[in-house]
Amino acid sequence: MSGAKTRNIKEAQGKAEALYPTRNDIPEKQREKVVAIMNARLAETIDLALSIKQAHWNLKGIQFIGVHEMLDGFRGALDGHVDEIAERLVQLGGTAHGTVQDVSSNTSLKPYPTNIHKVEDHLRALADHYAAVGAAVRKSIDETSDLGDEDSSDLLTGVSKTLDSNLWFIEAHLQE
Ligand SMILES: [Fe+2]
């Protein structure tokens, strides 16, 4: 995994981007750390959203239509969470890093394979991606709580619930 090298640079280096002033009463030092965490989770959720469409378009096999349509529902739900994560960190005075260039350098996910087509291969690749994002989000639920931001923690709990539910749907196709 390229994650160790490319993980959100500011988070990894412990440096924070200058924040916009806000009347929000969470201390600035804590907000800086939460913003870095949320930008890292933003990169991963955008990466996952793009991977879902990659699978949606390129699936081939007998289960095509069911999985194709299921993934559109997953993408719609995830897009809502991406928006929540970005807007939360901006509320804290941060700048959301949602460009493809920033996402590419900040995501901790392995590149989604572009040389697979079988439904089962896409389901396995997506399950791996969902599990990786789910683990990172679950860790950040505690991290943001420890930093005194229960709102970000609660927001991420909502993201985690969706990721776990979607992972269940995917894995149920692979289990017998
Ligand atoms: Fe479509």
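## A helical core and its ring and charge pairs

Tryptophan 168 is exposed, at 56% relative accessibility (exposed is over 50% relative accessible area, buried under 20% and partly exposed in between, with a 1.4 Å probe and protein chains only). This is a predicted model, in which local features need pLDDT of at least 70 and side-chain atom pairs count only at pLDDT 80 or more, while totals for chains, interfaces and linings use all residues. Residues are numbered from 1 along each chain as its sequence is written, and side-chain values use heavy atoms, leaving out hydrogens and water.

**Nonpolar core**

- The largest nonpolar core holds 43 residues, and Ile52, Leu71, Tyr130, Leu163 and Ile170 have the most contacts inside it (a core is a set of buried Ala, Val, Leu, Ile, Met, Phe, Trp, Tyr and Cys residues joined through side-chain atoms within 4.5 Å).
- At least two residues of this core come from each of helices H3 (28–58), H4 (64–91), H6 (119–146) and H7 (150–174) (helices are DSSP runs of H or I with at least four residues, numbered from the N terminus).
- H3 gives the largest share of this core, ten residues.
- Isoleucine 170 is in contact with Met70, Phe74, Leu123, Leu126, Ala127 and Tyr130, leaving aside neighbours within four places in sequence (contact means heavy atoms within 4.5 Å).

**Helix H7**

- Where H7 starts, a side-chain oxygen of aspartate 149 comes within 3.2 Å of the backbone nitrogen of aspartate 151.

**Aromatic pairs**

- The count of aromatic pairs is three (rings of Phe, Tyr and Trp, the last by its six-membered ring, pair if their centres lie within 6.5 Å; planes under 30 degrees apart are stacked, over 60 edge-to-face and the rest tilted).
- Phenylalanine 74 and phenylalanine 169 pair edge-to-face, at 6.1 Å centre to centre and 70 degrees between the planes.
- This pair links distant parts of the chain, with phenylalanine 74 in H4 and phenylalanine 169 in H7, 95 residues apart.
- Phenylalanine 74 is buried at 5% relative accessibility, whereas phenylalanine 169 is partly exposed at 38%.
- Tryptophan 168 and phenylalanine 169 also form an edge-to-face pair, because their ring centres are 5.1 Å apart and their planes are at 90 degrees.
- Phe74, Tyr130, Trp168 and Phe169 are linked into a cluster by ring pairs.

**Charged residues**

- There are nine salt bridges (a side-chain nitrogen of Lys or Arg within 4 Å of a carboxyl oxygen of Asp or Glu).
- Arginine 88 and aspartate 151 meet in a salt bridge of 3.8 Å, N to O.
- With arginine 88 in H4 and aspartate 151 in H7, the pair ties together parts 63 residues apart in sequence.
- Arginine 88 is buried, with a relative accessible area of 9%, whereas aspartate 151 is exposed at 51%.
- Arginine 138 and aspartate 164 form a salt bridge of 3.0 Å, N to O.
- Arginine 138 sits in H6 and aspartate 164 in H7, so this pair joins parts 26 residues apart in sequence.
- Salt bridges with shared partners join Arg88, Asp149 and Asp151 into one network.
- Arginine 124 and glutamate 120 meet in a salt bridge of 2.5 Å, N to O, and the two lie four residues apart in H6, about one helical turn.

Note on methods. Polar contact = N/O pair within 3.5 Å; in protein donor to acceptor, adjacent residues only side chain to side chain.
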